[in-house]
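Please consult the sequence and structure shown here alongside the notes.

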Amino acid sequence: MSRAALAFPRSFSWLQIVRLGLVQTALGAVVVLMTSTINRVMVVELALPAIVPGGLVALHYATQVLRPRWGYGSDVGGRRTPWIVGGMAALCLGGFGAAAATALAETHVAAGLALAVLSFLLVGMGAGAAGTSLLVLLATGVEAGRRGAAATIVWVMMIAGFAVTAPLAGHFLDPFSGGRLMAVSGTVSLIAFAVAVLAVSGIEPRREASPAAKVEKKPPFRAVLAQVLAEPAARRFTLFIFVSMLAYSAQELILEPYAGLVFAMTPGATTKLAGLQHGGVLAGMLFVAGVTVFVGGPILGSLKLWTAVGCALSAAALGAIAFGGPVGPDFPLRAAVAGLGFGNGVYAVAAIGSMMALAGRGGEAERGTRMGVWGAAQGVAFGAGGFLGTLAVDLARLVASEPVYAYAAVFALEAVLFLVALAISLRVEHVTVGRRQNPLTETASFQLNPGFEAR
């Protein structure tokens with residue numbers, strides 16, 4: 001019998017998947033205050049250069065390179081729950097620390113910024129540790145036919161954390177003061193931590209280690225990491241995640257300025273455009289989740305198919321947006337942006353589902369390290385994508401006669417990146433799911449890799 005089957009005698013129910021999604025809701029609630037409210041306070045109320053919060057957020061993304069080490073730590077211990085709870089504790093403490101640092105910077109700038117650096121580091125490490133182990137727990141306990149839906153649930157519930165926290169926090173922040181910011185952030189952090197702890201309580205089954213396992217010495221982290229990276233499939237999937245997330249995030253900071261400069265949209269109209277894109281993402285994720293759960297089969301249940309379709313749709317939409325600028329106001333930009341969102345949603349849910357499926361191909365002892373490697377590639381690419389997208393536009397404007405051509409060139413480049421990601425994804429082994437297939441059974445490891453023997 002496979003190790004996964006020994007670890008999880010039964011797969012997670014829908015209710016248990018939703019409970020694990022609440023961890024992402026709690027994580028999103030804390031992070032949104034860091035990236036929006038505290039960012040705005042530093043720039044507007046404290047009149048600090050925009051590079052200060054930008055550098056702090058970049059620091060948060062830089063810590064994601066440590067995800068493989070956190071994943072390995074949960075592999076060694078054999079349990080994911082302590083890493084989720086510990087990561088959420090660090091995240092919530094860092095979130096409150098960032099608010100305290102912002103309040104302190106009103107009177108002592110140097111001390112406030114020093115505390116902010118430590119707090120954002122703590123947020124990055126906490127989010128990475130909790131997020132990595134949460135995905136590993138889902139990968140272990142969710143049957144193959146539900147992975148697309150599980151990825152959608154977790155993603156949507158994270159967005160719900162953003163959507164609920166931002167307006168509520170904004171309501172209680174007026175009239176603004178540093179003390180009020182600390183009170184709101186502290187309350188959000190306490191509630192988020194309590195929700196996360198209750199959500200994971202009792203979900204992960206306790207494992208009784210065999211006498212042989214108790215005396216078995218775990219290989220060191222570097223050896224496990226080298227073993228994972230030595231596999232061609234793992235390297236290809238890491239490269240796929242990095243390239244596709246680079247393309248996914250590069251348009252995030254340039255789409256609205258493009259709509260304003262080229263299509264003369266007002267700030268309100270561009271904000272609605274962003275909402276249209278996010279709605280498309282949600283629609284794409286729900287579509288793939290519904291098809292894989294209720295239809296499945298060798299074709300429509302193939303995560304490899306939906307990953308390729310998502311990359312292709314995203315590339316086509318970005319190409320259309322690039323082409324639409326020179327066309328002018330008559331171009332249906334809203335439809336193209338909605339199509340981009342839909343393609344991004346299809347890609348995202350299929351990629352996360354594939355990540356969950358492929359994480360276990362080396363066995364339970366390496367599952368966290370594998371997920372950490374791919375999480376690091378995703379985090380670094382996402383953090384770099386926004387910066388590189390804006391940098392590419394600025395460089396293109398130095399040589400382009402009109403801004404429209406600079407933006408069009410960058411969107412076209414992003415489309416090419418998605419096509420490159422598509423080509424890489426076709427060379428990565430995926431798993432096809434049926435409606436009743438369960439990866440926690442004895443045959444799961446063979447479905448991931450026909451040449452792999454269950455140990």
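The model is predicted, with local features requiring a pLDDT of at least 70 and side-chain atom pairs counted only at pLDDT 80 or more, while totals for chains, interfaces and linings use all residues. Residues are numbered from 1 along each chain as its sequence is written, and side-chain values use heavy atoms, with hydrogens and water left out.

**Confidence**

- Helices here are DSSP runs of H or I with at least four residues, numbered from the N terminus.
- Confidence is highest in helix α5 (residues 81-104), at a mean of 96, and lowest in helix α18 (residues 444-448), at 30.
- Residues 1-7 stay under 50 in pLDDT, and the model has 14 contacts (heavy atoms within 4.5 Å) for them beyond four places in sequence.
- Residues 431-455 also have a pLDDT below 50, and this stretch has 64 contacts in the model beyond near neighbours in sequence.
- Where pLDDT is low, the predicted coordinates should not be read in detail.

- A47 lies in the loop between α2 and α3 (51-62); its phi is near 55°, a positive value in a residue other than glycine.

**Helices α12 and α14**

- The axes (lines fitted to C-alpha atoms over the stretch in contact, with angles from 0 to 180 degrees between N-to-C directions) of α12 (residues 255-263) and α14 (residues 303-327) come within 10 Å and cross at roughly 20°.
- The two helices, α12 and α14, are therefore roughly parallel (an angle under 35 degrees).
- Y258, V262 and F263 of α12 meet I321, A322, G324 and G325 of α14.

**Helices α7 and α8**

- The axes of α7 (residues 147-173) and α8 (residues 178-200) come within 9 Å and cross at roughly 145°.
- T165, A169, F172 and L173 of α7 make the contact with R180, L181, V184 and V188 of α8.
- P175 is found in the loop between α7 and α8, and a cis peptide bond with omega of about -5° joins D174 and P175.

Terms used. pLDDT is the predictor's confidence in each residue, from 0 to 100. Angles under 35 degrees count as roughly parallel, over 145 as roughly antiparallel, 65 to 115 as roughly perpendicular and the rest as oblique.
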